[in-house]
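Have the sequence and the model open while reading.

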Amino acid sequence: MQQINRHNYLYMCLTFEDSVHITTHDCIQMDKSIQVEDLKKRIALFDDQQAYRELFMVFSPSLQQFAFSILRSKQLAEEAVSDVFIKIWEKRSSLDTIDNLKFYLFASTRNTSLNYLKKQEGLRKINADDYWVELQSIYFDPEQLMLTAEMISRVMEAVNSLPPRCKLIFKLVKEEGLKYREVSELLDLSIKTVENQMTLALKKLGSAIGFDIYKSVSSTIRSQR
Amino acid sequence: MTAEKIWYLLGKKLSGDANSEELQELEQLMRQCPDVQYSIQNIADLWRLEKPVDQPEVESALQRHISRMKDRGFPVQMQGAEEGDSTGTQSPVRKNRRWQLVFVSLCGLLLLLSATIYFSRSHGSNSVARQSFKGNDLQANMNEVSTRMGSRSKIVLPDKSVVWLNAGSKLLYEKTFGNTIREVELSGEGYFDVMKDPERPFIIHTQKLNIKVLGTAFNVKSYPNDETTETSLIRGMIEVTMKDRPDEKIILRPNEKLTVRNDEGKSEAVSEINRKKPLVAIGRITYEPHDGVIMETAWMENQLFISADKSFAELALDLERKYGMNFRFNNEAVSQFKFGGTGGSFKKETIQQALHALQLANYFRYHINDDTVIIDK
């Protein structure tokens, strides 16, 4: 591999003995938006193919999952995302004018996917309830979280039992780092709905974790009122 | 509905949608019902878990995407392209747009130029960047600024970029600096505040690294007799390549520090320990816990931090620069002393006061002979 992608690079660094104390998460998450800005500039100004490849690597997993939740076919989802990125390359010289590239990619993926559906099934509109969602990041490492096995299974259960639309919103906010406004535009919902669904999701999670504690809290609150 | 409100506010906080009033309100509500804090803490931890990425799968998806593009007539390369190659990438669709062609060919010319420079550099085996500067009459074309031990200096380059040079350092640049490309050569330590100019990238050559900059502020520590080369980014973004691995670009982001081991390190005593350290590592910039001073750039205020993991021999190199003294160790064991993570630093202290403070942490004997500090057991 000629140019190491950052993720691998960090991994490489971390595998060295007594390496520096950083968590990959901090490094990657914190500066992701700066990285995307940088890639965008390199593609727009220099036709930088390496940057283009990196951009693909950064977003294609998320976008494919998003496309999958609409198309429910892995192959179609991959094609849809590939189409989105072909368009990005075609219009690379004007890429600089896009303020929020991440949201743009998600919106294009949604449009492309819906077009695929239209061609296939003659479907016009897809309701947010019809998205098929699988949460990827609810993998628990007991070492990382101070939770017991019993509690972990309770949390998993809580997350999996969320209504589809709620789960989708939760996923987009938590795993893709989208803002409420972005989610509401992407799914054609009101901000109020997004807020309510997130509140619901967190409440369920919180009560799964807090369990008896939470019960007692809510009863004291009730008695206070 | 206090509980409901907490989850509502927590959601806004986690997504980054909350404003400062809402954050305050959340704090307040949490104080009112401390029992929820446990749940919230765990959710916050959970929130930080990243979704796992199947790297080989992403890479093969990329390959499939690239070959799909090729099928549609886009000349995109499979493997990481050399910089000079990207001239051949404009899609046929855009050929009729003349201004773009002009731009692309200009870019190509620039890339060709940089490729030539790069090529000529990679051929000089042990060379420092000096070889990349054209011409035989090196002296006549170059400006050189150097600092003695114990002194520091500030330089404003023709493009208004500012360089602070630490003691015992040297900065070289062409008299024509900035006409086409901005290149400097650094030996020692410098803090760079580079003026933004995407047209003319700013490149710093050190013994071990090439650093490409768009517009940013950062610190480079590359003394020939140090064990490592350190690059600490304060703001902006820089791209670093190691001279012996020119194909691997490392992008540094704010608050990150890149440490590269110098294999040619001279002081034998240090290198044994150093060999165990990683060849290349990305870490974080260290802030002094009390007043938040960035340790990597504290030298600009003439302040020297005693870091916990540095041996006395390594620390002595820093002390030599700060005080303009030489250090000699008569005892191997003492040269490996460490002075713990006390977070101590020297600023206005005299050399005697500094040595005395070190003695308190880990006792040794010393005497000063002219400008040499001799350390005994």
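At 25% relative accessibility, Phe329(B) counts as partly exposed, where buried means under 20% relative accessible area, exposed over 50% and partly exposed in between, with a 1.4 Å probe and protein chains only. The model is predicted: local features need pLDDT of at least 70, side-chain atom pairs count only at pLDDT 80 or more, and totals for chains, interfaces and linings use all residues. Residues are numbered from 1 along each chain as its sequence is written, chains are lettered from A and ligands numbered from 1 in the order in which they are written, and side-chain values use heavy atoms, with hydrogens and water left out.

**Aromatic rings**

A pair of aromatic rings is described by the distance of the centres and the angle of the planes. Rings of Phe, Tyr and Trp (its six-membered ring) pair if their centres lie within 6.5 Å; planes under 30 degrees apart count as stacked, over 60 as edge-to-face and the rest as tilted. By this rule there are 15 aromatic pairs over all chains. Two of the pairs that involve Phe312(B) are listed here.

| Ring pair | Centre distance | Plane angle | Class |
|---|---|---|---|
| Phe312(B) and Phe329(B) | 5.1 Å | 80° | edge-to-face |
| Phe312(B) and Phe339(B) | 5.0 Å | 90° | edge-to-face |

Helices (H or I, at least four residues) and strands (E, at least two) are DSSP runs, numbered from the N terminus. Phe312(B) belongs to helix α8 (residues 312-323) of chain B, while Phe329(B) is in strand β15 (residues 326-329) of chain B, 17 residues apart. Phe339(B) lies in the loop between α9 (332-335) and β16 (345-346) of chain B, so its pairing with Phe312(B) ties together parts that are 27 residues apart in sequence. Phe312(B) has 0% relative accessibility and counts as buried; Phe339(B) is buried as well.

Elsewhere in chain B, ring pairs join Tyr173(B), Phe177(B), Phe192(B), Phe202(B) and Phe218(B) into a cluster.

**Charges over rings**

A charge sits over a ring if NZ of Lys or CZ of Arg is within 6 Å of the ring centre and within 35 degrees of the ring normal. In chain A, Arg92(A) lies over the face of Trp89(A), 4.0 Å from the ring centre. In chain B, the charged end of Arg321(B) is placed over the ring of Tyr223(B), 3.4 Å from its centre.

**Helix packing in chain B**

The axes of α8(B) and helix α10 (residues 351-361) of chain B come within 12 Å and cross at roughly 165°. Axes are lines fitted to C-alpha atoms, for helices over the stretch in contact, and angles run from 0 to 180 degrees between N-to-C directions. The two helices are therefore roughly antiparallel, the term for angles over 145 degrees. Contact (heavy atoms within 4.5 Å) is made by Phe312(B), Leu315(B), Leu319(B) and Tyr323(B) of α8(B) with Ile351(B), Ala354(B) and Leu358(B) of α10(B).

**Chain A**

Chain A has 11 helices and zero strands. Buried residues make up 55% of its 225 residues. Of the contacts in chain A with a separation of 6 or more, 65% come from residues 24 or more positions apart.

Helix α8 (residues 164-174) of chain A is mostly covered, with nine of its 11 residues buried. Among them are Cys166(A), Phe170(A) and Lys174(A).

Ser60(A) is found in helix α4 (residues 49-71) of chain A. With 1% relative accessibility, Ser60(A) counts as buried. Not counting residues up to four places away in sequence, Ser60(A) touches Val81(A) and Val58(B).

Key:
Angles under 35 degrees count as roughly parallel, over 145 as roughly antiparallel, 65 to 115 as roughly perpendicular and the rest as oblique.
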